Amino acid sequence: MKKEKNHVIKNNLYALKLLFKLSPQIVIHGAGGKILGYVEWLFYSALFMRLIIKFLDEGAPFYYFVLFVIFVSLFFGIVEFYTVFINGFVKPVQIARVNNGLNTILFKKAQNVELRCFEDTEFYNKYTLAMENADTRLIETVEVIWGVIFGAIASLAAFYLLFQIDKFAVLFVIFPIIGNFVFNRALGKIEFERNKEMAYHNRKSAYVNRVIYMREYSKEMRLTNALRLMLERYKESLAGITKVANKYQLKGAINHLWRCSFTFSFIFEGMLIYGAYRTLVSKTMGMAELAVIAGMMVASTWILIGFADSCMASFKNGLYMDNLRDFLEYKEKIPEDYDGIDAGDRIESIEFRNVMFKYEEKPVVENLSFTLEGQKTYALVGYNGAGKSTIIKLLLRFYDPTEGEILLNGRNIKDYNLESYRKLFATAFQDHMLFSASIKENVMMRKCTSEDDEIVVEALKKGGVYDKIMTLPKGIDTIMTKEFDENGALLSGGESQKVVVARAFADAAPFHIFDEPSSALDPIAEYELFDNIIKNGQNKTMIFISHRLSSVKDADKVLLLADGKVKEEGTHEELMALEGLYADMYEKQAVNYLAVTKETWRNKDEKHI
């Protein structure tokens with residue numbers, strides 16, 4: 001427990017330091033506003049009435065009373081003006097500054113961590129939680145810190161002022177302390193346990209809510225009984241939520257009753273009985289003193305409630321800050337700003353030397369040794385899970401080998417500046433993404449000018465999608481997706497894939513990588529695409545992954561992978577002559593593939609008749 005408290009304190013201090021770095025004004029004015037708020041509250045509930053009564057009892061001149069009231073009004077008028085100025089003018093600007101500064105830090109960190117982090121569920125959860133309402137959560141965390149610090153000081157001041165008026169009256173403050181720090185804490189634990197048990201059911205209902213409105217699921221929803229299935233899941237989640245709520249209902253109600261009783265009922269009723277006794281029975285207290293004590297008791301109670309709420313909130317915010325802190329303090333294994341020597345612009349050779357890579361302690365590739373010579377074309381083939389995509393990720397240094405090394409031009413790729421090293425590669429991935437930007441920007445992957453038009457057009461032609469793009473209203477300037485433009489283009493899977501392939505054609509890098517570039521294409525489009533890939537691969541080193549072995553025949557060398565190892569290596573003719581695994585795979589594909597190809601050509605010819 002002590003360790004947990006220390007951790008929460010460290011997280012809150014981290015938040016204070018981070019926010020002060022982003023905006024000292026918010027931190028300083030936040031503290032000032034909280035101090036003035038408590039001063040105003042204590043002054044009016046304790047000192048103001050006491051001084052007024054003192055003036056009246058001592059028969060002070062009337063102008064003393066008037067001057068005092070005017071002075072107090074001016075002072076707190078200035079305080080109110082300060083509050084309005086901070087909330088209306090300073091805070092909005094500074095909140096925007098915090099938002100910009102914090103998101104810049106988070107975006108830079110997200111861009112700098114290695115790819116493996118995004119494939120780690122635990123890390124990715126921390127990342128998403130850290131990003132969610134980051135600026136408002138950070139500001140709220142620091143406001144809560146001031147609530148704890150100045151709430152504690154204000155509570156002590158209230159006790160002291162109350163003690164000066166009546167020593168026994170201080171004892172009544174025990175009630176709200178018990179109410180807030182015993183029963184309110186118990187309520188917090190009940191809420192935590194209840195939310196924890198509800199998390200599964202909430203995720204299920206959230207999934208159904210999301211799926212029903214998503215375009216990707218709309219066709220199945222209308223053609224099958226999937227909607228009924230989802231509604232059943234939704235009913236199950238609601239039943240689960242209700243069951244959990246009922247489980248904690250009585251316990252929560254009892255603790256809530258005791259909290260309210262100790263925090264409000266016992267102190268006010270007890271104080272009234274005590275005050276009435278001293279005023280009416282023992283005659284040791286006047287009505288004026290009773291009014292002051294009652295006012296002080298109300299102020300003390302609300303100050304304690306605010307202090308207790310701040311303490312509880314500081315523990316809750318500690319969880320958020322834990323995620324933010326872990327994310328920002330994470331030490332990248334392959335940071336994007338990794339420095340080293342310049343990789344140049346030539347590729348003479350790339351060598352995998354005894355490379356092993358484990359993912360979650362499970363070997364994905366083992367003892368890989370092969371060499372890719374410059375200005376030659378290579379094909380990676382094999383069944384799913386053979387390690388083909390892993391080789392590409394290792395080559396691009398998204399991962400580093402667990403054992404062994406990868407050499408560029410005879411030197412370990414870890415020696416090179418990462419940015420300059422990756423500039424050697426132009427890529428087209430199977431699991432591609434198109435951004436909500438113009439087609440031209442999606443091809444060039446940067447802000448474009450009119451000077452880029454010729455490059456984009458040529459790349460789209462090579463990718464086999466230029467004619468389709470030119471049917472769109474704005475051609476290459478058409479915005480992709482409807483995220484920000486209701487007139488945005490929505491391309492088919494095959495057309496989107498061709499745009500991604502065009503990215504690689506538009507890149508002048510000396511090494512081109514195509515990861516299943518034809519997975520969404522028909523046989524004719526596939527043939528034309530690979531023909532363009534081979535033709536435009538002259539004077540470049542190129543590697544492509546394909547499940548369709550008919551597309552790899554023109555590669556200078558084929559590497560067949562199985563169980564994370566290179567099982568066969570050679571030209572298409574050499575591997576066919578081996579009559580091994582490659583030849584067996586090719587022959588099994590050839591029968592069906594040839595039949596599909598002939599049928600497709602026949603249908604195409606009929607359309608032209």
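**A buried lysine, then a ring cluster**

Modeller: Lys540 is buried yet forms no salt bridge, and the nearest side chain of opposite charge, that of Asp507, is 7.1 Å away. Buried here means under 20% relative accessible area, with exposed being over 50% and partly exposed lying in between, for a 1.4 Å probe and protein chains only. A salt bridge requires a side-chain nitrogen of Lys or Arg within 4 Å of a carboxyl oxygen of Asp or Glu; Lys and Arg count as positive and Asp and Glu as negative, while His and the chain ends are not counted.

The model is predicted, so local features need pLDDT of at least 70 and side-chain atom pairs count only at pLDDT 80 or more, although totals for chains, interfaces and linings use all residues. Residues are numbered from 1 along each chain as its sequence is written, and side-chain values use heavy atoms, with hydrogens and water left out.

Lys540 sits in the loop between α17 (523-535) and β8 (541-545), where helices (H or I, at least four residues) and strands (E, at least two) are DSSP runs numbered from the N terminus. Its side chain reaches the backbone oxygen of Ala509 at 3.1 Å, a polar contact (a pair of N or O atoms within 3.5 Å; within protein, one must be able to donate a hydrogen and the other to accept it, and residues adjacent in sequence count only if both atoms are side-chain atoms). Leaving aside residues up to four places away in sequence, Lys540 touches Gln375, Lys376, Asp507, Ala508, Ala509, Pro510 and His512, contact meaning heavy atoms within 4.5 Å.

Turning to the rings, the count comes to 19 aromatic pairs; rings of Phe, Tyr and Trp (its six-membered ring) pair if their centres lie within 6.5 Å, and planes under 30 degrees apart count as stacked, over 60 as edge-to-face and the rest as tilted. The pair of Tyr44 and Phe76 is tilted because the planes stand at 40 degrees, with the ring centres 5.1 Å apart. Tyr44 belongs to helix α2 (residues 24-58) and Phe76 to helix α3 (residues 62-112), so this pair ties together parts that are 32 residues apart in sequence. Tyr44 is partly exposed at 34% relative accessibility, whereas Phe76 is buried at 8%. Phe76 also pairs with Phe75, the centres being 5.0 Å apart and the planes at 85 degrees, so that pair is edge-to-face. Phe75, at 38% relative accessibility, is partly exposed. Ring pairs link Phe43, Tyr44, Phe75 and Phe76 into a cluster.
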